[in-house]
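The entries follow the order of the search.

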Amino acid sequence: MSEAFEYRIVPLTLAHWASFERLFGPNGACGGCWCMWWRLTRKDFQAGHGEANRHAYKTIVRQGPAPGLLAYKRQEAVGWCQVCPRADLPVLDRSPLLKPVDMQPVWSLSCFYIRPDFRHVGLMGALIEAAKEHARERGAAILEAYPWDVRQQKSPSTIFTGTASTFVRHGFKTAARRVARRPVMRCAL
């Protein structure tokens, strides 16, 4: 059995919130983000840095539907991806690099957080496949992602949006490339 099949991946609901908090830790994964980076203006994001962003995301989870997927290894959460309608992530529309490709309604696979000791073992690929299924089951026809193309430029220290090569291996194609290092990639569901 491959490593990817040893994970249990579930939608994030309040029943899994405590596991999500443990995975993200006291710093909220990437510097107090709590997965609010694409949802708030930069001013509002900075104002809510840390605890306020955590509370805001818990409200999103409470209201539903599930805004992403949590991966478990045994009973411990080890990975996360946010997958939801692009309309839920208004900051994407304001980005010159990630603005809409066209007027088609798409879902976005916008970010990941994988516990450091579970990186480079296939978990991101397992999350991508689960996100495709999750979006498809909820009526999405297209899933979009915003990875870094590390062949074009040295990657940033944290690649919370994933790498283009991983998305290519999972059936995504470049839909737009406004700069070499940041493609907008899509997969038909």
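How much space lies in the largest pocket? I read about 530 Å³ for the largest pocket. I took a pocket as an open set of points on a 1 Å grid over the protein atoms alone, where a 1.4 Å probe fits, with protein on both sides within 12 Å along at least five of seven lines. Points are joined across faces, edges and corners, and the volume is the space filled by probe spheres set on them.

The model is predicted: local features need pLDDT of at least 70, side-chain atom pairs count only at pLDDT 80 or more, and totals for chains, interfaces and linings use all residues. Residues are numbered from 1 along each chain as its sequence is written, and side-chain values use heavy atoms, without hydrogens and water.

Next I looked up the lining of the largest pocket (residues with an atom within 4 Å of a point). It has 22 residues, and I114, R119, H120, M124 and I159 are the closest to the pocket centre. Helix 6 gives the most to this lining, 4 residues. I sorted the lining into 11 nonpolar, 9 polar and 2 charged residues, with Asp, Glu, Lys and Arg as charged, Ala, Val, Leu, Ile, Met, Phe, Trp, Tyr, Cys and Pro as nonpolar, and the others, Gly among them, as polar.

Then I searched for disulfides (cysteine sulfur atoms within 2.5 Å) and counted 0. C35 is in none, with the sulfur of C111 the nearest at 3.4 Å. C81 is in no disulfide either; the nearest cysteine sulfur, that of C111, is 8.3 Å away. C81 counts as buried at 0% relative accessibility.

Key
Helices (H or I, at least four residues) and strands (E, at least two) are DSSP runs, numbered from the N terminus. Buried means under 20% relative accessible area, exposed over 50%, partly exposed in between (1.4 Å probe, protein chains only).
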